[in-house]
Amino acid sequence: MDVLHGDSTGFSAAEVTAMGAALSAAALGPRGANPLVGAVILAADGTPLVTGYHRGAGTAHAEADAVNQAVAAGMNLSGATIVVTLEPCNHTGLTGPCAQAIIDAGITDVIYAVDDPHDPAAGGAGTLRSAGVRVRSGLAADAALALNRRWFDAVAAGRPFVTLHIAQTLDSRIAASDGTSQWISSPESLADNHALRGRIDAILVGTQTVLVDDPRLTARNAAGETAGKQPLRAVMGHRAIPADAAIHGDDGNVLHLATHDPSEALDQLFDAGVRHLMVEGGSRILSAFLGAGFVDELIVYLAPTLLGSGTPALDDLGIGTLANAQRWAWDQASGGAVQVLGRDLRLHLSPEFTPTAGAGRAETASRAAAVTGTTAADATGTDAVTATIFDSIPHRPGAATAPGGY
């Protein structure tokens with residue numbers, strides 16, 4: 001059986017268990033421009049020492065987080081093993097290269113699930129091997145891909161990771177018949193949304209939203225004050241943005257995308273350096289991105305309110321029969337699938353993957369359980385297991401890593 005697709009041959013029971021713990025830790029981080037990554041350091045006898053994970057852009061990567069914890073606790077990592085859900089990075093961005101941090105710590109054995117397809121970060125396996133570190137890969141590759149499948153898709157396509165946000169009533173309205181929409185969401189939901197704005201690269205609305213609602217699209221704190229990092233404010237559509245529109249703000253950090261094509265908009269945003277985009281506009285723009293299949297993460301703030309009429313959350317998606325309906329899966333990562341925020345529910349979903357035929361490995365089920373929040377027994381059913389088996393596990397020939405060994 002191909003270890004790149006989840007076989008645990010060549011790995012000890014302690015290493016398999018550590019990878020499950022690393023996957024669970026990874027899911028605690030926020031989705032977005034960076035993948036969810038977890039790491040566990042094992043002593044030479046297989047005893048787990050520390051668990052780390054990536055908490056978002058600008059914070060220590062999972063490997064560095066684990067190493068930092070161990071060093072702070074006075075642990076000697078010479079001869080230790082680190083088990084990671086993604087190939088350690090090899091570049092210096094907001095933080096240093098994890099491959100070098102592993103080498104400096106004296107760790108002699110690295111196990112990771114899947115190669116990093118992101119060119120600027122890739123190459124860690126080669127650097128580690130050149131330093132004499134034993135490198136193995138492929139353990140729980142299916143579950144690691146399941147955890148970050150849409151991030152891998154975005155990287156492969158050369159586009160931003162897309163989060164789509166909807167604030168709606170129980171009957172799926174985003175505004176009343178007279179156009180009023182403030183505030184459908186609870187203060188707690190608004191605070192959660194502003195926290196998300198503070199970690200994305202850009203927020204996108206349509207020109208209709210700018211003309212009708214005149215939004216600021218800034219990240220603000222509980223007092224309504226502009227707070228911390230601010231996203232690029234992007235407007236999609238052919239109509240001009242009024243010179244006095246609130247979206248210009250004090251900094252003018254606004255990008256007008258003169259198109260109605262989501263693909264063209266994503267290309268322009270990617271060229272502008274955007275790696276995590278939140279789409280927040282009206283029903284027309286929400287439907288355009290959903291219909292084009294570009295939404296990687298769906299966040300719905302559901303208010304216990306009924307209007308009976310008004311503006312629907314979505315327009316026609318071009319679906320004429322139930323068999324062609326878009327299917328979404330509850331996403332347990334990044335805070336869980338369902339949260340109660342004040343009087344609202346926050347629903348977190350990811351696009352459901354069409355399963356690949358012929359799957360059914362027990363070890364994949366146990367790893368999938370760590371990602372989905374189900375039990376391993378639940379995950380052994382055909383749908384749950386096959387949902388984590390994919391036609392293509394990212395594999396970079398340059399990694400030159402023999403699964404299960406040198």
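Q: Helices (H or I, at least four residues) and strands (E, at least two) are DSSP runs, numbered from the N terminus. In which loop is S172 found?
A: This is a predicted model. S172 is not a glycine, although its phi is positive, at about 60 degrees. S172 is found in the loop between β6 and β7.

Q: Is S172 buried or partly exposed?
A: Buried means under 20% relative accessible area, and exposed means over 50%. S172 has 32% relative accessibility, so this residue counts as partly exposed.

Q: S334 also has a positive phi. Is S334 buried or exposed?
A: Phi of S334 is near 55 degrees, and S334 is a residue other than glycine. S334 lies in the loop between β14 and β15. The cut-off for buried is under 20%. S334 has a relative accessibility of 14%, so S334 counts as buried.

Q: Which kind of peptide bond joins Q182 and W183?
A: W183 sits in the loop between β7 and α6. Omega between Q182 and W183 is about 0 degrees, and the bond is cis.

Q: How many helices and strands does the protein have?
A: The protein has 406 residues, and 49% of them are buried. The secondary structure comes to 11 helices and 16 strands.

Q: What share of the contacts between residues at least 6 apart in sequence join residues at least 24 apart?
A: Contact means heavy atoms within 4.5 Å. Take the contacts between residues at least 6 apart; the share joining residues at least 24 apart is 72%.

Q: How far does helix α1 reach from its first C-alpha to its last?
A: Helix α1 runs over residues 13-26, which is 14 residues. Its buried residues include V16, M19 and L23. At 1.5 Å a residue, 20 Å is expected, and the reach of α1 is close to that, at 20 Å.

Q: What is the volume of the largest pocket, and which residues are closest to its centre?
A: The volume of the largest pocket is about 1,400 Å³. The pocket is lined by 49 residues. Those closest to its centre are S181, T209, D213, E280 and G281.

Q: Which element gives the most to the lining of the largest pocket?
A: Elements that give two or more residues to this lining include β6, β8 and α9. By type, the lining has 19 nonpolar, 21 polar and nine charged residues. The top giver supplies seven residues, and that element is α6.

Q: Which residues does T81 contact, leaving aside its neighbours within four places in sequence?
A: T81 is found in strand β3, residues 81-86. T81 counts as buried because its relative accessibility is 10%, where the cut-off is under 20%. Beyond its sequence neighbours, T81 is in contact with V40, I41, L42, I107, D109 and I111.

Q: Is W330 buried or exposed?
A: W330 lies in strand β14, residues 328-330. The cut-off for exposed is over 50%. The relative accessible area of W330 is 52%, so W330 is exposed.

Q: What distance separates the C-alpha atoms of W330 and H348?
A: Leaving aside neighbours within four places in sequence, the contacts of W330 include L347, H348 and L349. W330 and H348 are 18 residues apart along the chain. Their C-alpha atoms are separated by 6.3 Å.

Conventions
Residues numbered from 1 in each chain as written. Predicted model: local features only at pLDDT ≥ 70, side-chain atom pairs only at ≥ 80, totals over all residues. Heavy atoms only, no water. Expected span 1.5 Å × (residues − 1). Buried < 20%, exposed > 50% of the residue type's maximum accessible area, 1.4 Å probe, protein only. 1 Å grid on protein atoms, 1.4 Å probe; cavity = no way out; pocket = protein on both sides within 12 Å on 5 of 7 lines; lining within 4 Å. Points joined across faces, edges and corners; volume = space filled by probe spheres on them. Nonpolar A, V, L, I, M, F, W, Y, C, P; charged D, E, K, R; others polar.
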